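Please look at the structure below before reading on.

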Amino acid sequence: MPDLERMSLLWYQLPAQSRTARAQEPSNEWGVAEYLLWRIEFNQRHLIWALSNDPKNPAPAPEPLMNPAKLAEAHANRDLALDARGEIDEILGMGVDHG
């Protein structure tokens, strides 16, 4: 059996809360209970916002808190932006000592 096939079989056997599974898939950081609490918290904030919305001075709608998957995505986007910034600075000659 090829190594890749064996690795995929082992991957599917891992518990979702194992360190390896959490490292590969950030959404595994939270269990079902945490995701349910996350949704309940957001729904409560949204309900409070909807009931207390003033038509003359509307408040912005609440945004859900970042879950582990969204947080990992935000960190990856930040790292890509920082890499691109360094590349752009290099192209424009910014931050480079010419003297």
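A residue is called buried at under 20% relative accessible area, exposed at over 50%, and partly exposed in between, with a 1.4 Å probe and protein chains only. The model is predicted, so to speak of local features requires pLDDT of at least 70 and side-chain atom pairs count only at pLDDT 80 or more, while totals for chains, interfaces and linings use all residues. Residues are numbered from 1 along each chain as its sequence is written, and side-chain values use heavy atoms, with hydrogens and water left out.

| Residue | Relative accessibility | Class |
|---|---|---|
| Y35 | 22% | partly exposed |
| W38 | 16% | buried |
| N67 | 9% | buried |
| L36 | 52% | exposed |
| L80 | 56% | exposed |

Helices are DSSP runs of H or I with at least four residues, and strands are runs of E with at least two, numbered from the N terminus. L36 belongs to helix α3, and L80 to helix α4, residues 68-92. N67 sits in the loop between α3 and α4.

Aromatic pairs are taken between rings of Phe, Tyr and Trp (the six-membered ring of Trp) with centres within 6.5 Å; planes under 30 degrees apart are stacked, over 60 edge-to-face, and the rest tilted. Ring pairs connect W30, Y35 and W38 as a cluster.

R39 is placed over the face of W38, 5.7 Å from the ring centre; a charge counts as over a ring if NZ of Lys or CZ of Arg is within 6 Å of the centre and within 35 degrees of the ring normal. With neighbours within four places in sequence set aside, N67 contacts W30, Y35 and W38, where contact means heavy atoms within 4.5 Å.

On the surface, V32, L36, L37 and I40 make up a nonpolar patch with about 420 Å² of accessible area together. Patch members have over 30% relative accessible area and no salt bridge; like charges are joined within 9 Å and nonpolar side chains (Val, Leu, Ile, Met, Phe, Trp, Tyr) within 5 Å. A salt bridge is a side-chain nitrogen of Lys or Arg within 4 Å of a carboxyl oxygen of Asp or Glu. Accessible areas follow the Shrake-Rupley method with a 1.4 Å probe, and for residues only the protein chains shown count as cover.
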